[in-house]
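The following note concerns the aromatic rings of this structure and their surroundings. Please read the points alongside the sequence and the model.

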Amino acid sequence: MMKKLLIIKTGATLASILASEGDFEDFILRPMGLSREQAIITPVFEGAGLPGPSEIKAVVITGSHAMVTDNDEWSLNLSSWLRDVRPTGIPILGICYGHQLLARAFGGDVDYHPKGKEVGTATIELTEAGKKDPLLGCLPERFWGHVTHAQTALRLPEGATLLAQNVFEPHHAFVLDGHIWGVQFHPEFNAAITGAYIDAQNDQLLAEGQDPEGLRRSIVEHSYGKMLLRRFYELVGA
């Protein structure tokens, strides 16, 4: 049996962009050059069961509109599954919610960011370890990343290596055991998707003292996210 990429859906995207952009799995598959038939797509947030390690060659955990600290049953079950899969060495990439979930599943701390939300397109910098990392090292030392998150990994798991950060977010990327990566930014987003997320949060951002128009102006279309996703699939033996 041919092993496939497993995309673990921890939520669904905005209804306003489903028709034009697809859902989270589509955002991820397109840069990799994969069709839905070439992946296993598992919506755990809807109660779907997870396959065994023998069926998969790599894992991507999507973002979500849920919060890790909600402690949803499906999320706790996914954390347990990840701990079981860790010793197999299967490559794992967690994005935003997935990043935070990985951090907490393996002993880190997750909660609301003390500075509030990070939204728009942010400049992110690689650490020295990030420059040498097989995955993050495909990016330049300073790169753009699309962001929208309220929670953060306040503390990384023991043994994790910090790979990227910026002034707002000290833990934008990490790696654990050399095959488990978490990225707080959204490599799967483009400018249109990022703009839609600002539009959807417009009133809330205003109430929190942020400037939605300024955040919209911060959006930069770029290829760094696509580079990262393609590199991940190359690493798993595409």
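1. F27 has a relative accessibility of 1% and therefore counts as buried, the term meaning under 20% relative accessible area with a 1.4 Å probe and protein chains only. F24, at 2% relative accessibility, also counts as buried. The model is a predicted one, in which local features need pLDDT of at least 70 and side-chain atom pairs count only at pLDDT 80 or more, while totals for chains, interfaces and linings use all residues. Residues are numbered from 1 along each chain as its sequence is written, and side-chain values use heavy atoms, with hydrogens and water left out.

2. Rings of Phe, Tyr and Trp (its six-membered ring) pair if their centres lie within 6.5 Å; planes under 30 degrees apart are stacked, over 60 edge-to-face, and the rest tilted. The count by this rule is 8 aromatic pairs. One of them joins F24 and F27 edge-to-face, at 5.9 Å centre to centre with 80° between the planes.

3. Both F24 and F27 belong to helix α2 (residues 24-32), where they are 3 residues apart, about one turn of the helix. Helices (H or I, at least four residues) and strands (E, at least two) are DSSP runs, numbered from the N terminus.

4. The ring centres of F143 and F185 are 5.4 Å apart and the planes stand at 65°, so this pair is edge-to-face. Because F143 lies in strand β7 (residues 142-149) and F185 in the loop between β11 (180-183) and α6 (191-200), the pair ties together parts that are 42 residues apart in sequence. F143 is buried at 2% relative accessibility, and F185 is buried with a relative accessible area of 2%.

5. Ring pairs also link F24, F27, F189 and Y197 into a cluster.

How values were computed: Buried means under 20% relative accessible area, exposed over 50%, partly exposed in between (1.4 Å probe, protein chains only).
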